[in-house]
Amino acid sequence: MTNLISVRGLRVTGRRADGGDVPIVRDVSLEARQGEVLALVGESGSGKTTIALALMGHARAGCGISGGEIEVAGHRVDRLDAAGLRAFRGRTISYVAQNAGSAFNPALTLHRQVIEPALTHWVLPRREAERRAVELFRAMALPHPETIGARYPHQLSGGQLQRLMAAMALITEPEVVVFDEPTTALDVTTQIEVLEAFRAVLAHRGITGVYVTHDLAVVAQVADRAVVLRHGAVCESDATAMVLERPRTAYARQLVEACHLPVRPARPAAAPADGAAAEPVLTVSDVIVGYGRVDARGLPARRILDGIDLSVPQGRILGIIGESGCGKSTLARTIAGLQPPAAGTLRFRGDILAGGVGHRTPEQRRRLQIVAQNADLVLNPAWTVGAILERVLEFFHGLRGVAARAEALRLLDLVHLPHALFDRRPMELSGGQKQRVNFARALAARPDLVLCDEITAALDPVVAAAILELMSELQATLGLSCVFITHDLHALRAVCDRVAVLLGGHVVEQCEAASLMDGAHHPYTQLLVSSVPEMRAGWLDEVAARRRATTPGPVPPAADGGCPFTPRCGLRVEGVCDRVPPPIINSPDGQRIACHLPPDELPVLPRT
Amino acid sequence: MTRSLGPLILGRLAASAFSLAFVVVTIFAITAALPGDVADTLLGQSATPEAAASLRHAMALDQPAWLRFWHWAGDMLHADPGRSLLTGRPVAELVGPRLYNSLLLAGATAAVSVPLSLALGLACTMARGTVFDRAATVLMLGTVSVPVFLIATVAVFVFAVQFHLAPALADINAVHSPLQFVRVFLMPVATLSGATTAQMSRMIRACMIDVFSAPWIEMAVLKGVPPVRIVLFHALPNAIGPVVNAIALSLSSLLGGVVVVETVFSYPGMAGLMVDSVAARDVPVVQCCALIFCMVYLALTTLADVVAVASAPRGRDR
Amino acid sequence: MSAVGAFLSRGGRHGAMFAARLAPGPRRALGLLAVWFVIAFAGPLLAPHAPGEIVDRDVFAGVSLHHWLGTDYLGRDLGSRLLWGVRYTVLICTLSTLLSCCCGIVLGIAATATSVWVERVLGRLMDGLLSIPSLLFALLVIAAAGESIPALILTMGVIYMPGSYRTSRALALRIARADYVTAALARGEGRAFVILREILPNMTGPLLSDIGLRFVYAVLLLSNLSFLGLGVQPPLVDLGSLVRENVLGLAYGAPAVVVPTLVLALLTVGINLALDGRRP
Ligand code: SF4
């Protein structure tokens with residue numbers, strides 16, 4: 001069989017502001033056969049998206065394809081002129097962008113955008129194109145395939161948009177489809193549906209796919225062959241199974257390892273040496289946060305957080321996991337004092353913690369520190385690393401001059417950063433380094449409790465793994481208590497002692513992190529845990545088969561006050577779950593589950 | 001979330017009304033502070049203090065400022081700008097024909113510059129980074145950074161002195177045919193449109209380039225959509241707000257250039273009237289002219305704001 | 001007070017690297033402005049003749065050894081007058097720009113840091129001020145206050161304040177929402193610290209561009225005013241009045257009108273081009 005895609009010696013260069021050239025992709029060769037799915041794997045800056053775009057003859061502003069041969073479905077892409085490229089793109093090869101939320105034009109209906117390629121390339125008359133669009137919507141398992149096209153992008157969810165975008169890519173029946181991290185922005189539970197839809201369509205139509213991703217577990221599900229990229233060059237290229245199970249290069253091995261984070265061993269709660277130690281560092285009770293009209297009791301009509309009950313024991317790490325929109329970042333802001341609750345209390349070491357940060361005592365502000373998600377945004381670009389640390393030392397401990405400098409350098413040591421960074425500004429640091437500085441700043445206050453909000457979300461897996469390791473290490477050596485907020489189950493299991501699962505502003509389950517993967521759980525926890533892709537082929541099929549067996553019926557009209565999981569729950573009790581708030585079941589080993597099901601009917605996760 | 005447009009638009013209108021009130025007070029305050037008054041102008045050399053005082057009394061100039069403001073503002077609300085102190089004729093009669101002339105000039109300029117700038121701005125966006133784009137942007141930048149009087153002077157030099165294409169002074173009473181119209185208006189309009197077009201197309205280009213950085217533009221490129229369609233069908237609907245704002249802002253800044261152009265070409269417009277009336281301390285005329293200028297500005301920007309609010313793409317703030 | 005002093009001294013330490021960290025646009029414009037300042041200060045000292053001195057019978061004379069740039073409509077030495085003209089144009093515009101930008105920036109930051117009502121009322125007032133065409137506003141104020149250089153500076157300062165206010169307010173608003181400001185507030189830093197140390201340092205780059213732009217506007221307005229006879233009054237000269245008084249020389253292509261025009265264009269176009277250097 002001949003290769004449908006073949007790239008030889010591809011080079012892409014970027015132009016720097018000062019006129020110099022920087023190689024972005026250097027001498028990359030790859031090929032894919034008809035009907036195959038080729039994965040381009042790498043971290044940010046590896047050039048994977050650049051290569052994928054080069055297949056379409058496209059280079060982003062400031063870059064240019066400077067050499068090599070690109071042959072796709074019989075077209076010499078590197079030799080096509082502007083008109084040739086226009087006829088080629090969207091017809092022979094099409095593109096599914098990373099973030100469908102921003103890749104659809106907000107001012108046009110989806111319908112017009114989806115059928116546009118067919119009309120532009122004169123593939124189909126309008127009628128036919130509309131018919132085929134509906135057909136594709138159906139194949140993508142989109143709800144209301146006949147009418148969904150009349151909507152505007154902002155009216156649909158990310159997962160639906162991603163599938164619509166795939167439908168748009170397929171409407172001209174192209175020979176190659178490029179998927180650019182199509183599920184990275186999605187929640188894990190949604191990712192499964194989207195992956196499943198993509199794979200079915202690709203296989204059914206015999207389309208050749210190029211799949212760009214950083215997630216090896218996703219590669220295992222969709223790709224036949226994988227190319228590992230690093231710094232714009234091919235690092236390893238082989239059949240998927242070979243790359244994942246027997247990586248030959250050190251870098252590929254590192255990537256694979258970053259997907260197998262060591263799970264934190266179960267630790268017994270700190271033995272109460274004296275009475276005070278048993279007291280939790282932070283207690284959150286009955287906290288309600290919301291907006292909109294306020295009722296007679298001062299409670300808002302729309303709730304982001306509703307009746308949150310949590311506590312962080314001394315010297316332990318509490319993980320809070322949930323998907324987008326579950327209210328986890330609001331919870332972080334509430335604990336940090338940036339969003340005062342409408343009701344409920346926060347206690348810090350037994351003392352009431354005021355809702356607004358302005359009303360907290362300086363001592364409380366010092367002892368509760370936050371490490372925020374995006375280190376790019378929380379470090380003032382105008383300051384040097386040293387100044388950032390010294391300011392905190394001066395503010396809380398009155399350290400100045402030599403003493404402050406010595407302490408700041410000690411903090412850099414603590415987070416494993418070289419002293420040379422002292423005089424650098426955040427702009428000059430890498431993502432991982434910035435996150436370490438972020439940590440050091442929190443530690444400079446010598447806190448009791450550190451609130452970590454999605455600290456690994458913006459980082460590449462290998463860097464994220466190192467940050468998590470640092471966090472565990474610091475927690476152990478300094479005896480910190482932490483709240484770790486994340487959407488990533490791997491990260492959660494790697495660092496947390498205890499877990500709270502958040503859904504729709506409610507805590508649906510609390511349990512020990514070690515018991516998360518087996519035993520009886522809340523149905524949502526079970527869905528979440530089983531949705532995290534595993535790095536073995538066939539996993540998706542198993543899960544999809546299991547899902548099909550337990551798909552819930554049509555969604556009942558949403559009523560207030562019921563279980564937030566009702567619309568998606570396969571085990572729901574009609575007439576009860578959607579009306580009555582679920583009771584909390586306490587089990588002897590400290591597990592708390594909010595569900596109407598009796599304990600012995602809760603879903604049980606198979607021990608892996 | 002569905003935003004209701006009504007309250008938003010009402011809010012904009014209320015805000016503009018507030019600004020207008022502030023402007024009215026400011027204009028009155030400044031004109032009240034003009035040193036000397038029309039009594040001196042009228043009596044000229046023969047002024048005796050007594051004669052001046054009685055004339056002032058007759059014109060109610062000796063009343064306290066707040067009382068005069070009260071009467072003036074009340075009259076303005078009834079669309080009655082009063083009488084010229086200099087000639088005794090109603091201000092409306094004086095300003096009316098001048099306003100018509102100015103509107104004619106402004107209209108002609110807008111008719112030339114708006115389509116021209118849209119075309120130029122869009123063409124530059126489509127040809128981003130090419131020689132054409134660079135040359136055009138440098139030219140536009142050069143034009144916005146020279147004073148209007150320079151453009152006017154050069155226009156006179158080129159059209160009237162060198163090529164005798166048009167008279168150096170705009171005698172609009174001589175307009176009896178379209179050809180004459182073109183001859184008379186050629187230079188003033190060319191000058192004003194030159195300045196306005198440069199500014200407007202620069203701003204339009206900036207708005208469009210901003211929209212062009214959106215991921216869905218790249219998506220359209222990768223779908224093989226031709227550039228013209230990308231600009232008109234994908235980018236423009238998302239840029240209506242900023243583009244309309246750019247047009248309104250440039251048109252209103254044209255009001256400033258009008259003074260110079262009217263002076264250079266002796267064009268009998270509002271600005272000229274205002275300049276003369278300031279010199280003669282004919283306060284009611286000055287106030288009326290200034291107010292009209294400000295109202296035109298506020299009307300333009302408010303209109304642009306309302307259009308921008310109404311056309312904001314759905315879900316922009318997702 | 002000592003706290004402010006401490007901020008400033010800390011600022012000085014950062015100042016060493018300040019120029020190097022600026023974006024190329026403002027940096028080039030600053031350099032160019034410095035050159036113009038040197039001309040404005042040193043130029044008249046080097047001028048061979050007093051500006052009002054009639055040195056030649058020949059009016060609108062061309063370039064010669066005695067008069068490098070020829071003579072004007074009264075037979076005065078153009079080169080000398082030009083040097084004085086540059087001084088007045090640059091000085092008046094600099095002072096008025098500084099005035100408008102200082103007021104605008106202070107008000108703009110104040111509007112973001114205080115209550116919503118302050119912001120709304122200020123915003124309306126600025127809109128109102130903006131709505132009076134700048135030339136006509138200047139005409140009125142100068143008629144009211146008399147034609148003097150302080151009056152000119154003040155008027156132009158007031159005219160360009162709303163623009164500066166808008167820019168700095170928008171900038172401050174954007175930066176005030178940044179996470180590092182939130183972090184400082186969560187630490188319990190005071191308002192003065194947040195404004196002076198967290199927000200202001202991040203505004204300097206864009207603000208410098210804005211100030212440069214406003215300087216160009218001021219030059220344009222002053223020239224237009226002088227051209228209308230409302231600006232700098234004889235015996236003083238600025239670039240605009242040089243063009244105005246020699247405009248008759250245009251017919252002969254006399255350097256007396258061409259050169260001031262070119263210098264004026266060099267000043268404005270140069271700064272604009274320098275600022276605009278970041279081509280996409
Ligand atoms: S309460 Fe009902 S709907 Fe909610 S998880 Fe339990 S069974 Fe499912």
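This is a predicted model: local features need pLDDT of at least 70, side-chain atom pairs count only at pLDDT 80 or more; totals for chains, interfaces and linings use all residues.
**Helix pair in chain B**
- Helix H5 of chain B spans residues 91–126, and helix H6 of chain B spans residues 131–144.
- Their axes come within 9 Å and cross at roughly 135°.
- H5(B) and H6(B) are therefore oblique to each other.
- H5(B) contributes Leu120(B), Ala123(B) and Cys124(B) to the contact.
- H6(B) contributes Phe132(B), Asp133(B), Ala136(B) and Met140(B).
- By class, this contact has six nonpolar, no polar and one charged residues.

**Helix pair in chain A**
- Helix H7 (residues 188–205) of chain A packs against helix H19 (residues 523–531) of chain A at about 55°.
- The two axes lie 8 Å apart.
- H7(A) and H19(A) are therefore oblique to each other.
- Val188(A), Thr189(A) and Ile192(A) of H7(A) meet Leu527(A), Leu528(A), Ser530(A) and Ser531(A) of H19(A).
- The residues of this contact divide into four nonpolar, three polar and no charged.

**Nonpolar cores**
- The largest nonpolar core has 121 residues.
- Met208(B) and Met274(B) touch the most other members of this core.
- Helix H10 (residues 227–264) of chain B supplies the largest share of the core, 15 residues.
- Met274(B) touches residues of chain B, including Val286(B), Cys289(B) and Phe293(B), as well as Leu136(C) and Leu140(C).
- Another core, of 95 residues, lies apart from the largest one.
- Among its members are Val7(A), Ala103(A), Val256(A) and Leu540(A).

Conventions. Residues are numbered from 1 along each chain as its sequence is written. Chains are lettered from A and ligands numbered from 1 in the order in which they are written. Side-chain values use heavy atoms; hydrogens and water are left out. Axes are lines fitted to C-alpha atoms, for helices over the stretch in contact, and angles run from 0 to 180 degrees between N-to-C directions. Helices (H or I, at least four residues) and strands (E, at least two) are DSSP runs, numbered from the N terminus. Angles under 35 degrees count as roughly parallel, over 145 as roughly antiparallel, 65 to 115 as roughly perpendicular and the rest as oblique. Contact means heavy atoms within 4.5 Å. Ala, Val, Leu, Ile, Met, Phe, Trp, Tyr, Cys and Pro count as nonpolar, Asp, Glu, Lys and Arg as charged, and the others, Gly among them, as polar. A nonpolar core is a set of buried Ala, Val, Leu, Ile, Met, Phe, Trp, Tyr and Cys residues joined through side-chain atoms within 4.5 Å. Buried means under 20% relative accessible area, exposed over 50%, partly exposed in between (1.4 Å probe, protein chains only). Lists of a residue's contacts leave out its neighbours within four places in sequence.
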